[in-house]
Each structure stands twice: as structure tokens, then as C-alpha cells.
Amino acid sequence: MITIQVEKTASEGIGIGKAFLLHKTKLSTEFGPVSQQDIPKEIRRYEQAVEEAQAELAALAESNAIFQAHLEMVKDITLYEGVITRIKEEGLCAEAALHAAAEEFIAIFDSMEDEYMRERAADIKDVRFRLMCLLQGVKVNPFDDIREQVILIAEDLAPSDTATMPAENILGIITQEGGVTSHVSIMAKNLGIPALVGVKEICSKVKTDDTIIMDAKAGVIYIQPDDQTLKKYCQLQRKEEHIQKERLKLKELPPVTKDGKRVRLCINAGRLHDIKKAMEYGPDGVGLFRSEFLYMDNTHFPTEEEQFKAYKSAALLSCEELTIRTLDIGGDKALPYYIFEKEENPFLGWRAIRISLELIDRFKTQLRAILRASVFGMVRLMFPMIISLEELRRAKEILAECMRELEQEGLAYDPGIKVGMMIETPASVVMIEDFAREVDFFSIGTNDLTQYLLAVDRGNKKIAAMYNSFHPAVLRSIRRIIEAGHRCHIPVGMCGEFAGEEKAVKLLLGMGLDEFSVSGGGVLKLKELIREADFREAKQLAGKVCEKQTIQEVYELLGIEC
Ligand code: PEP
Ligand code: MG
């Protein structure tokens with residue numbers, strides 16, 4: 001038995017099962033020329049790849065219409081002839097010929113006036129990728145071999161991987177890279193899957209089919225555990241399940257302290273499925289709907305109609321509040337159909353509102369869809385990563401333009417829709433009073449706020465120990481944001497992971513936080529803690545904590561062990 005101690009937990013819970021070591025698809029991009037005598041072989045290789053792609057896509061098309069379109073493209077005679085001609089006349093290998101022929105198609109679609117047609121270029125890229133994988137004998141979807149419930153072990157997972165990952169078969173996730181507030185950790189929490197990230201050399205220590213126990217509470221991993229450990233953890237797992245069942249009794253009760261202070265307790269969601277699942281726990285609504293997942297799970301920029309449908313469903317599912325955050329892409333979140341220029345510091349680069357304010361047509365498409373969905377529930381709109389009043393005002397101007405357009409077109413929307421912003425940059429904290437006068441609510445994004453205030457990358461495992469929201473600078477900023485919001489009579493929520501930090505609940509209550517927004521799986525535990533707290537006591541505690549000068553002193557006061 002090998003035991004590995006892990007410093008921080010990304011998503012709590014116990015996972016027991018067989019390991020599945022994920023090998024991500026890596027395509028070679030270096031293609032050599034072929035000799036005259038190899039040309040018939042290259043043609044055969046391409047024809048075989050086309051046949052296999054057709055068979056794969058025909059099966060996939062039964063459950064997803066997008067693959068029907070891909071199937072038509074694979075069959076398309078112009079693409080086929082384009083490839084074969086290049087092999088024959090230019091002496092290219094099948095991969096190089098496919099690349100060049102598909103590029104020609106992509107350029108044609110890209111130059112089209114119609115947005116829908118322009119976005120078909122993404123489908124060609126998907127089809128090319130599938131054919132390339134078949135030519136090189138690698139898997140299009142690296143999760144295809146998961147046929148039973150497993151503990152997934154990977155070097156790293158991108159947020160977009162969670163779209164193709166068969167969540168129902170994943171008992172736990174362990175990655176070599178990543179930090180506890182990286183997006184893979186957040187997705188695992190939303191899905192209620194135990195996760196440990198930044199686990200050094202895990203991929204070389206584990207083989208597929210090894211038995212794994214992951215205790216993502218105490219932060220321990222056992223590889224090939226002995227019978228005694230296995231028995232102990234099976235019992236622990238059953239106990240945890242029992243506790244969670246007991247907590248369900250809290251579902252109908254309000255999140256109110258012993259002395260009557262009522263706060264709002266909402267959930268964070270990335271996909272409709274997250275909302276559906278979390279509604280079982282009786283939250284007050286959705287405090288953060290990360291709209292970027294709608295973009296990441298797609299083969300093209302989602303159209304207004306596609307977004308409208310998704311937001312409408314989300315509004316209907318959310319019962320009460322639904323806070324839709326506009327596209328927060330960039331950083332560690334890429335789009336499969338859009339090429340981002342390589343940046344030295346992506347988290348300090350072209351991200352979130354910066355992209356929306358440059359790709360204005362895309363931004364308007366999203367705003368129109370959100371506005372149209374706003375008549376189906378209590379929809380709020382929120383801008384991410386704001387650093388200046390110019391950005392905020394420009395975003396609101398574009399929103400007003402969309403409202404005018406919808407009015408002219410006779411399309412309904414809620415003219416009183418609440419417009420808020422994430423507070424997740426140091427600039428927004430420094431200018432908090434100025435922002436408070438121009439929005440309807442704040443939501444504190446501690447994941448980024450901590451990273452930017454402390455200049456500590458949230459996904460870098462080497463400095464993971466320095467990434468700490470209990471740092472006095474972060475705590476004093478949070479207090480400052482709440483006080484400024486209240487002075488201007490606007491509610492202040494928190495949707496960063498710190499809102500679900502059990503050791504911080506009393507402190508945040510005491511600071512006066514109005515809304516906690518956490519992953520679905522954390523709602524009941526948090527409600528339990530809120531209902532056990534005393535608001536007056538919490539206020540005194542918050543006062544004392546904010547006077548502390550070091551993390552160590554904060555920990556001592558909150559009874560946190562290092
Ligand atoms: C945050 O930064 O705290 C936040 C909620 O946004 P995200 O984690 O999606 O960057
Ligand atoms: Mg953020």
C-alpha cells in the first residue's frame with residue numbers, strides 16, 4: 001500500500017474504486033513528404049479514416065444532431081476530392097492533404113456574411129480533428145474507454161474536458177496539476193465529485209485498475225490499500241452518506257442564524273444539469289451561472305436562439321433568483337472553435353469583459369438572449385473582471401442598446417433587470433464606493449480576488465500554499481466591499497469558493513455578507529452552520545479578525561489548525 005498526503009482538498013468526499021489513468025489526445029503536427037510509390041498507400045489511409053469516421057458519426061448522430069452535420073461534411077465530395085487531389089498531385093501525406101483541403105473550406109466559411117454560416121467553420125475543424133485522430137490512431141474522446149465507475153487520474157483537466165467526461169462514471173478525480181480554485185476543482189464540486197489536485201507525480205505512481213481510496217477531506221490517497229484500510233473507508237463512506245441524508249431534513253428550513261439574521265443561500269452552476277441537481281437541496285436560487293460553459297460545450301459560438309433557450313430553462317429551473325454572469329472566457333478557459341493568441345500571462349490577459357467589449361457583436365448576442373430570458377424568472381445580470389468605470393459604463397451602454405433593439409422588434413424583456421458586477425480585481429476594491437453607486441449588487445469573486453490581491457496564480461501547485469483567502473489583505477478587502485455596498489444600499493454576495501469555506505462562515509456572517517453562493521453539494525452543510533451561528537457573536541468575531549495582521553493570528557482566532 002502506498003500512502004500519499006495531500007496539502008489541500010479541492011472537492012470534499014470519499015472515493016473508492018479502480019483507477020483510470022487518462023491519456024490525453026496528442027496529435028502530431030509534423031508531416032513529412034511522401035514518395036511517389038507511397039501515394040496509393042496514403043489514399044487508402046485517408047479512405048479508411050473516412051469510412052471509420054462515417055461509422056463513428058452515424059452512431060453519435062442518433063443522440064446529438066450536431067454529429068449529423070459532421071457526417072454530411074465527412075461525406076462531402078468536395079472535401080474528399082480536395083484531399084485526394086493534394087495527395088496525388090502535390091505528393092502530400094494524408095494528414096497534410098487533409099489539413100490543406102480543410103483550411104480552404106474554413107476560409108470560405110469564415111468569409112461569409114451570415115453569422116450562422118461563419119460558425120460552420122468550427123464544424124469543419126471538428127471533422128478534421130476526428131479524421132486526423134483516426135489517421136494517427138489516437139482517441140477523439142480520451143474518456144471513451146471508461147465503461148465502469150472509476151477514479152480518474154490525469155495530469156491535468158481543462159474545464160472543457162468536463163463536457164465530454166462521463167460524470168456518472170467518475171467516483172473521484174485526482175490531478176497532478178491545478179490548484180483548489182482552478183476550474184477543474186470548481187467543476188468537480190458542482191458535480192459533487194471528490195477531487196484532489198496538484199498531487200505530485202500521481203500519474204507515475206498509479207496504473208489503470210489499481211485500487212484507490214481517496215479521502216478528499218483529510219487529504220490522503222491510498223494506492224492498493226490493505227484490507228483493513230479498505231474496510232475502514234467503506235464504513236466511513238457509509239457514515240458520510242448517512243450524514244448527508246440527515247442533512248436533507250434542513251432542505252425546507254431557511255438559512256437564518258439563532259438570533260434571527262436571515263441571509264440568502266444560493267448555488268453556483270456551470271450547466272443546466274448543476275441547477276437541476278442542486279435544486280434537491282432547496283437553495284434560494286442561483287448566485288452564479290457561469291455562462292461560459294454554454295460556449296465551451298459547443299462547436300461554435302452559441303447563437304442568440306440557442307442561448308435564449310438555455311437561459312430560459314435555467315430561469316425556469318432556478319425558481320427564484322438566477323444570476324447570469326456574462327462570458328468569462330480566457331485564463332484557463334479556452335473555446336474549441338476559437339483561436340486565442342498565445343499570451344505570457346493569460347490570467348492577466350485577454351479575459352472576460354475585455355473580450356466582450358472587443359467582440360461586441362458576440363456580446364450583444366449574449367445580452368439579447370439574457371434579456372429575452374429575463375421574463376421567465378427573477379434574472380439578474382452580472383459582469384466579470386471589471387477594473388474600471390469606463391468598462392462598466394460601456395457594458396451598460398451596450399445593454400441599453402440591446403434593450404432598445406428588442407423594444408423595436410417587439411420582443412419582451414424585463415426592463416427592471418438588476419445589473420451587478422463581480423468584485424474580483426484589486427482595482428474594483430480600491431474604487432468600491434464609485435462602483436457601488438452604479439450597480440444594483442456586488443458579488444465577490446474570491447477565487448480571482450485572492451489571486452490578484454496576493455499576486456499568486458490560483459492554478460499553480462508550486463505556490464498553492466501561498467494562495468490563501470484568510471490572508472488579512474483579502475479579509476479586509478471583503479469587509480470593505482460589504483461595508484461600501486451597504487452604505488450605498490446594495491446587497492453584497494460572494495460566489496467565490498471562500499463562500500463555502502466552513503471555517504469562514506461565521507466570519508462572513510459577522511462582516512454582514514448578504515448572500516452565500518456555493519456549489520450544490522455544499523448548500524446543506526453551510527445551512528447547518530448558519531443556523532448554528534449567533535449573528536451578534538459573529539459580528540464581534542469579525543471585528544477582531546479584521547484587526548489581525550498575519551494569517552497565523554487569524555487562524556488562532558478562528559480555531560483553524562495549520
Ligand atoms: C471568482 O473568481 O471567485 C469566481 C467566482 O469566478 P471564476 O472562479 O469563474 O473565475
Ligand atoms: Mg473569477
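Select Gly 445 and ligand 1: a backbone N or O atom of Gly 445 is 3.3 Å from an oxygen atom of the ligand, a polar contact (a pair of N or O atoms within 3.5 Å). This is a predicted model, in which local features need pLDDT of at least 70, side-chain atom pairs count only at pLDDT 80 or more, and totals for chains, interfaces and linings use all residues. Residues are numbered from 1 along each chain as its sequence is written, chains are lettered from A and ligands numbered from 1 in the order written, and side-chain values use heavy atoms, without hydrogens and water.

Next, select Thr 446, where a polar backbone atom lies 3.1 Å from a ligand 1 oxygen. Then show Glu 424: an N or O atom of its side chain is 3.0 Å from an oxygen of ligand 1. The protein buries 100% of the 290 Å² that ligand 1 exposes when taken alone (Shrake-Rupley method, 1.4 Å probe).

Colour helix H19 (446-454), one of the elements giving two or more residues to the shell around ligand 1. H19 gives the most, with three residues (helices are DSSP runs of H or I, at least four residues; strands are runs of E, at least two).

Now move to the open sheet of seven strands, ordered S1-S7-S6-S2-S3-S4-S5 with mixed pairing (strands pair if DSSP finds at least two bridges between them). Strands S1 (2-5) and S5 (195-196) are at the edges with a single partner strand each, so one side of each has no neighbour in the sheet. Finish at Ile 174, which stands opposite Leu 196 in S5.

Definitions and conventions
Polar contact = N/O pair within 3.5 Å; in protein donor to acceptor, adjacent residues only side chain to side chain.
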